[in-house]
Amino acid sequence: MTPAKLLNLGVLIYGCGHHQAAWMMPESSIELIGNVTYYQELARIAESGFLDAVFFADNQSFPATTSTEIPAFWFDPMINLTAISQVTNRIGLVSTISSTFSNPFTASRQLLSLDHISKGRVGWNLVTSMSDWEAENHGMDHLPSRERRYQKADEFAEVMDKLLLSWNRGDFSPNRSANHLINEQNIEPIDHVGTYFKVKGPSTTPSSPQGKPVAMQAGASDQGIELAAKYADAVYSVSWNLKQAMEYRNRLEQHLVKQNKPIRHVKIFPGLVTYIGRTKEEAYSKKLELDKRLPLENAIKQLSYFIGEDCSKWELDERVPSLPPIDSFTGPVGRYKTILEIVHDKEPTLRELLGYISAGGGHLTLIGTPEEIVDEMERWFNLGVADGFNLMPPTLPSGLKDFVELIIPELQKRGIFRKGYEGATLREHLDLVPPGSRDRSPQRGNYEEE
Ligand SMILES: Cc1cc2nc3c(=O)[nH]c(=O)nc-3n(C[C@H](O)[C@H](O)[C@H](O)COP(=O)(O)O)c2cc1C
């Protein structure tokens, strides 16, 4: 096999952008976030830069407790992506799906439907969700423990795999003269009976034009990575720095080895926040304009949630106190680890810490000219710690437009990004082996420090 030479890029569409102050900017798109044409336009911009996919995160609650909460999950992601599929031709369409709250029969049916509608452009990102607010909307008093969520996620992924492949498109073969419509002998129940799900099957819908929708996973605990090693084609990860990215790749590799199957390559797409300028000064001034407008009350509330501790009484301009070690933390570990890393690297004041996490919550953040930004992206790519990135523009649409106009040409110049779509399906864009095949895709780099 020839080594993969191109990196992959998705864009995570979120409200007016990932910086919490994005909506406050004079030219922001805030009035449009309940308008489907806004999302369609964003997807068209991404497609004009030949991106692999548009991606939606999800949160199934809206605990509006301050006047600056953004209803960023206004639309259900699958419905939004269906609308987007109608105005785009090539770009992939990835929806986050929670195994804690979803029913695998409905979820797989929706994915297959959209995959047929979009001619094979669908992916899904399996998460186990994060908040009691969401649980309370789904007949639960609180979010189940991580242990139980991941047990359920494992069974969910298993049932999804069965349903997504429960019968072949080729078994629908209408022939009027022979009075024949389907090969019914090939369309059998899946008869799944487990701890969390009982599903007879098969699906109403045949398997997808790309074999199977692309499976992604997000969640950085050991249980999350184990799940990815078992089922995912790719992961959406969070890495603040190269050290974290290397650690993550190594952990994933270890879990892949533990699978006791021929080793396969799971693609890693860390989130990436970029402030792009024609000069370094211009890039920093874009960040400053946003930071100046940060709604502090919300940012403090979010930080308190991420670290499981009330920080509303902390002094804004004093150093953040030391935080408990990871082992004693019971919430989502991924983000907490990152916050520990930022606090360790930068010894920030509360205000500075809020600035770092206000756009993307501790994902890799690159500020500078296209050359400087692409240098770092290329470094991660060549080291094998990133197969691409999930873009998290601080502002939308302007941050995405900057990326398409300034970064894409630089990536193309260096020969590491496509100049046009070659394939039609998301699986082809990502150069993934078809389902069933266990070949290991090529691996670059050795995940070691240079
Ligand atoms: C990069 C990243 C993105 C995530 N996106 C979502 C999301 O959109 N919706 C959601 O409910 N959970 C999301 N999660 C969290 C997952 O729900 C995860 O299963 C849960 O919080 C447990 O996380 P842990 O494995 O990191 O402890 C995300 C996690 C990471 C690391």
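In which loop is Pro 397 found? In this predicted model, Pro 397 sits in the loop that runs between β13 (388-391) and α13 (398-413); the legends below take up this site and several others.

View 1. Most peptide bonds, by contrast, are trans.

**View 2. Phe 50, a residue with positive phi.** Although Phe 50 is not a glycine, it has a positive phi of about 60°, and its place is in the loop between α1 (36-48) and β2 (53-56). As a general rule, most residues other than glycine have a negative phi.

**View 3. The shell of residues around the ligand.** The ligand is surrounded by 22 residues, of which the closest are Ala 57, Val 127, Gly 219, Ser 221 and Gly 224. At least two residues of this shell are supplied by each of β3 (92-98), β10 (234-237) and α10 (333-346). Sorted by class, the shell consists of nine nonpolar, eleven polar and two charged residues. Because domain 1 (8-167 + 194-279 + 363-429) and domain 2 (295-357) both give residues to the shell, the ligand lies between them.

**View 4. Domain 1 and domain 2 of the protein chain.** The domain assignment divides the chain into domain 1, made up of 8-167 + 194-279 + 363-429, and domain 2, covering 295-357. Taken over C-alpha atoms, the centres of domain 1 and domain 2 are separated by 25 Å, and 13 residues of domain 1 are in contact with 13 residues of domain 2. On the side of domain 1 that touches domain 2, the residues comprise five nonpolar, seven polar and one charged. An unreviewed UniProt entry places the feature "domain: Luciferase-like" at residues 19-386; over residues 19-386 the chain is 40% helix and 14% strand, with the end C-alpha atoms 23 Å apart.

**View 5. Packing of helix α5 against helix α6.** The axes of helix α5 (residues 146-164) and helix α6 (residues 222-231) come within 10 Å of each other and cross at roughly 5°, which means that α5 is roughly parallel to α6, angles under 35 degrees being counted in that way. From α5, the contact is made by Arg 146, Tyr 150, Ala 153, Asp 154 and Ala 157, and from α6 by Gln 223, Leu 227 and Tyr 231. By class, this contact of α5 with α6 has five nonpolar, one polar and two charged residues.

**View 6. Packing of helix α2 against helix α3.** Helix α2 (residues 77-85) packs with helix α3 (residues 104-117) at an angle of about 10°, their axes being 10 Å apart, and α2 and α3 are therefore roughly parallel to each other. In this view Met 78, Leu 81, Thr 82 and Ser 85 of α2 meet Gln 110, Leu 114 and Ile 117 of α3. The contact of α2 with α3 has four nonpolar and three polar residues, and no charged residues.

Methods:
Residues are numbered from 1 along each chain as its sequence is written. This is a predicted model: local features need pLDDT of at least 70, side-chain atom pairs count only at pLDDT 80 or more; totals for chains, interfaces and linings use all residues. A residue is near a molecule or strand if its C-beta atom, placed from the backbone, lies within 6 Å of it. Helices (H or I, at least four residues) and strands (E, at least two) are DSSP runs, numbered from the N terminus. Ala, Val, Leu, Ile, Met, Phe, Trp, Tyr, Cys and Pro count as nonpolar, Asp, Glu, Lys and Arg as charged, and the others, Gly among them, as polar. Domain bounds come from an automatic or database domain assignment. UniProt positions are given in the numbering used here, feature names are shortened, and annotations may be inferred rather than shown by experiment. Axes are lines fitted to C-alpha atoms, for helices over the stretch in contact, and angles run from 0 to 180 degrees between N-to-C directions. Angles under 35 degrees count as roughly parallel, over 145 as roughly antiparallel, 65 to 115 as roughly perpendicular and the rest as oblique. Two residues are in contact if their C-beta atoms, placed from the backbone, lie within 7 Å.
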